[in-house]
Amino acid sequence: MTATRVPRRDHAVATRRSSFSAGDRVFRAVSVTAATVVLVAMAAIAVFLVIRSVPAIRQDTTNFLTTRAWLPEEARPIFGIAALLFHTVVTSALAMIIAVPVAVGVALFTTFYAPRRLSAGLGYLVDLLAAVPSVIYGLWGFFFLAPNITGLTLWLSRWLGWTGIVHYRLNNTPNNLSDLTAGVVLAIMILPIVSSITREVFRQVPRDQVEAALAIGATRWEMIRTAVLPFGRSGVVSAAILGLGRALGETLAVAIILAPAYTISVHLTEGGGITFASNIALKYSEASELGIGALLGSGLCLFAITLGVNFGAQLLIRRRKEA
Amino acid sequence: MAMSIDVSGLNAYYGKFLAVRDVSITIEPRSVTAFIGPSGCGKSTVLRSLNRMHEVIPGARVEGKVLLDGEDIYGPNIDPVNVRRTIGMVFQRPNPFPTMSIFHNVAAGLRLAGTHRKSELQDVVERSLRGANLWNEVKDRLSKPGGGLSGGQQQRLCIARAIAVQPQVLLMDEPCSALDPISTLAIEDLIDELKSTYTIVIVTHNMQQAARVSDRTAFFNIAGFGEPGELIEYDDTSTIFSRPSNKQTEEYITGRFG
């Protein structure tokens, strides 16, 4: 540009600049607004939950955190989240243990092993799993998986029986509508989101990293271990957290499979249970003012857990990056 | 150590596109051979065919023979993984593993090959880093990530990583094109030292570099866009740059195109 030599042109450049900065201003306003809306919505939900739940929790005659019962309509209201917390954590943890390795495997297969056509088809099919409504998963779990999970239960109790977390009472009528079944169904439900994000992360692995590993004589699996997994680690963690968020909040499928039971048993194969989300879904329609407040209190706990998990995951990712 | 490479009738494809046609060339052990030519002439493709890296690109394949000391690396019972252990490669952009320390970057190939004894790894890492003229600069920070080094140091780290597995041949794909002149000089000096041990093939865009570092030079060219690249002339570097026998070579080295 020779703008400095000719004053008039200089002026023209200046006006064009200002029109650029008008575009900048608009873009900035739009993005700031979007970010603010998200924050305000989060804050509004939190404030709403606190305002509505604190008075209700005050009327609780027992400890809200440790009680295994949900009777806010009694003359002496008794309700607590212990059982909700327990079953929510157990079913979601099971779902993660099952889904994350499978999702990573599917993602690795589609990005590095499958022929191109098969990989596209498989990716599409996995994504399609996300489009199935959760009520279908619930019904499938109830009518198909539960009657057929006995084999898995027996196998688990044979190998993990010593831990005490699975036992199968042969003399009892098998009750397969347990945390185990719910966890398996949740695993299938979160599989698509975890796997498709993981797949996209693996696709971003720089070509030169892949070639660097191959050039020093890495086999395909060694290449994945040296170049792909270290690069994708934080992305996989993020994908798992998104999946966990869905598992923690899943309502209908869990409500269909688990008969409400406010008990805590270390046996994954014990029938019945209740989670935060399924409890709210089952109780809210016939709840009193106090009952609604109590349910919102449990919702606040779920909200806090989700935030905590996300925060923990961020810390984990950051620490890995520094190391 | 060093082995000779004998290429005959090499055709390289990307899908249906024939990128390189009928290349035959013999590369002597313990020498530096430079591949020069304009962009798109297939010199990198030929280089990548020499250690079976060409085929890692989806749809890419090779026809013809590449004999390493008489054995065809495209033979039916040959594992490309072993080929790449024997024929190391350094890339255009320095590509150390970003999550690994300097030490582990150099040791990566050995660990893949099954060496895990700490003392042995330490010996090889030191020897390789010395071989790459990097030891004195990094010996006090071997546990720091390799990504923290300068571009030139990273490239020497990549050379150390490549020679750590004691290959017979070292392929270099424009190893200095992302580096400043001083780092380039360091790499060129290193190539001169390495050729006493290894057979070196280097692709370069820089004709002065080819003239400085190589013993033999191969000139590749394409007839036009979409046409396959071909080997035009292959001779002693001094001959190529003083009295080339082909008119295209002469025009290229005198800067009339490319």
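**View 1. The surroundings of A:R68.** A:R68 touches A:G80, A:A82, A:A83, A:Y262, A:T263 and A:I264, leaving aside residues up to four places away in sequence; two residues are in contact if their C-beta atoms, placed from the backbone, lie within 7 Å. This is a predicted model, in which local features need pLDDT of at least 70, side-chain atom pairs count only at pLDDT 80 or more, and totals for chains, interfaces and linings use all residues. Residues are numbered from 1 along each chain as its sequence is written, while chains are lettered from A and ligands numbered from 1 in the order in which they are written. You will find A:R68 in the loop between α1 (7–59) and β1 (70–71) of chain A; helices (H or I, at least four residues) and strands (E, at least two) are DSSP runs, numbered from the N terminus. A:R68 counts as partly exposed because it has 19 C-beta neighbours inside 10 Å (20 or more other C-beta atoms within 10 Å make a residue buried, 12 or fewer exposed, and anything in between partly exposed).

**View 2. A glycine in a loop of chain B.** Here we look at B:G59, in the loop between α1 (43–49) and β4 (60–68) of chain B. B:G59 has 11 C-beta neighbours inside 10 Å, so it counts as exposed. Not counting residues up to four places away in sequence, B:G59 touches B:Y14 and B:G15. B:G59 and B:G15 are 44 residues apart along the chain, yet 4.6 Å separates their C-alpha atoms.

**View 3. Helices α6 and α8 of chain A.** Helix α6 (residues 179–203) of chain A packs with α8(A) at an angle of about 150°, their axes 8 Å apart; axes are lines fitted to C-alpha atoms, for helices over the stretch in contact, and angles run from 0 to 180 degrees between N-to-C directions. The two helices, α6(A) and α8(A), are therefore roughly antiparallel to each other (angles over 145 degrees count as roughly antiparallel, under 35 as roughly parallel, 65 to 115 as roughly perpendicular and the rest as oblique). Among the residues making the contact are A:I190 and A:V194 of α6(A) and A:G243, A:R246 and A:A247 of α8(A). By class, this contact of α6(A) with α8(A) has 14 nonpolar, five polar and one charged residues; Ala, Val, Leu, Ile, Met, Phe, Trp, Tyr, Cys and Pro count as nonpolar, Asp, Glu, Lys and Arg as charged, and the others, Gly among them, as polar.

**View 4. A:I190 and the largest nonpolar core.** The largest nonpolar core has 152 residues, and A:I190, A:V194 and B:L170 touch the most other members; such a core is a set of buried Ala, Val, Leu, Ile, Met, Phe, Trp, Tyr and Cys residues joined through C-beta atoms within 7 Å. Helix α2 (residues 82–113) of chain A gives the largest share of this core, 15 residues. A:I190 touches A:A95, A:A99, A:G243, A:R246 and A:A247, again leaving out residues up to four places away in sequence.

**View 5. Where chain A meets chain B.** This contact takes 15 residues from chain A and 20 residues from chain B. On the side of chain A that touches chain B, α7 (207–215) and α8 (220–249) of chain A each supply at least two residues. The largest share of that side, six residues, comes from α7(A).
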